[in-house]
Amino acid sequence: MPDAAATLARPASLTALFVAFSLLALQGFGGVLAVAQRELVDRRTWLTRHEFIELYAVAQLLPGPNVVNLSLMIGDRYFGWRGALAAVSGMLLAPILVVLVLAASYQELSRYPAVAGALRGMGAVAAGLILAMALKMLVTLRGNVLGPALCTALGLTTLVAIAVLRLPLAWVVIGLGLTAWGLARWRIARAHTHARAKDRTW
C-alpha cells in the first residue's frame, strides 16, 4: 500500500508522542483499544488500518497489556528506544496517577448510588467502543491472505472458545494463533507454487 504509506503523518517530536499517548490513555475508560484505533488511524493518521491490525496482532501475542505493547512498538518505529520509552510513559503515567487518586477515594465514593451507576454505564460504553472498532477493522480482512471465509471461521472459533467454552485466553491465543500462522504460510506457499507454474507455462 505505497500510496497510503506516503500520505501518513508522523509525530513531530518525543514530546508530541508522549502527549498523544497520555491523551489516548486518559480517554480509555474500560479499555484503550477502540480509542487507540480512532486516534492513531483515523485522527492522527500515524498508521493505516492494515498496519494497526498487524501491530495489534503482534501486541496481542506478546506478554503484557496489548495496548502498552502497541504503544512501545509505535514509539520505537518513529524514534527508536527513546520513542518507545516516551510512548509507554505517556500510556502509563497519567492513568497511574488517576488510579491512585481513585483508589484512595473509592471507599468513600462507592457509597453513592450515582457513582456505582456511572461505573456500570462506562462499562457498557467501553463494550460498545470495542464492538464498533471490530466492525471497522473487518474491512481490512478483504486483502488478508487467508481470505474472508477462513478469517470468519477463525474469528467465530475464538469467540466460541472464550465466550462459550470459557477456555483460558493464553491457550486460545497460542492455539488459534499458531493455526492461523500455519494456514497463512500454506496459502502463501501455494500462491508461490501456482505463480511459478504459471511462469513455466509462458
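Among contacts in the protein between residues at least 6 apart in sequence, what percentage join residues at least 24 apart? The share is 58%, a figure to keep in mind while the whole chain is still selected in what is a predicted model.

Colour the chain by secondary structure to begin with: the protein has eight helices and zero strands, and from the N terminus on the elements run α-α-α-α-α-α-α-α.

Next, colour by confidence. The average pLDDT of the protein is 80, and 87% of the residues score at least 70. Among the elements, helix H1 (residues 2-6) has the lowest mean pLDDT, 46, whereas H2 has the highest, 88. Select residues 1-6, over which pLDDT stays under 50 and for which the model has two contacts beyond four places in sequence. Where pLDDT is low, the predicted coordinates should not be read in detail.

Now select helix H2, which covers residues 14-26. Its 13 residues, counted at 1.5 Å a residue, should span 18 Å, and because the end C-alpha atoms are 18 Å apart, the model agrees with that expectation. Show the side chains of Leu17, Ala20, Phe21, Ser22, Leu24 and Ala25, which are the buried residues of H2.

From there, select Leu26, Val98, Leu102, Leu109 and Tyr112 together, and display their surface: these residues form a nonpolar patch with about 430 Å² of accessible area together. Which helix gives the most to this patch? Helix H5 (residues 66-109) does, with three residues.

Is Gly175 buried, exposed or partly exposed? With a relative accessible area of 33%, Gly175 is partly exposed. Finally, draw a distance between the C-alpha atoms of Gly175 and Thr158, two residues that are 17 residues apart along the chain and whose C-alpha atoms are separated by 9.9 Å.

Methods. Residues numbered from 1 in each chain as written. Heavy atoms only, no water. Helix = DSSP H or I, 4+ residues; strand = E, 2+ residues; numbered from the N terminus. Expected span 1.5 Å × (residues − 1). Buried < 20%, exposed > 50% of the residue type's maximum accessible area, 1.4 Å probe, protein only. Patch = residues over 30% accessible without salt bridge, like charges linked within 9 Å, V, L, I, M, F, W, Y side chains within 5 Å. Areas by Shrake-Rupley, 256 points an atom, 1.4 Å probe, with all protein chains shown as cover. Salt bridge = Lys/Arg side-chain N within 4 Å of Asp/Glu carboxyl O. Contact = heavy atoms within 4.5 Å. pLDDT = per-residue confidence, 0-100.
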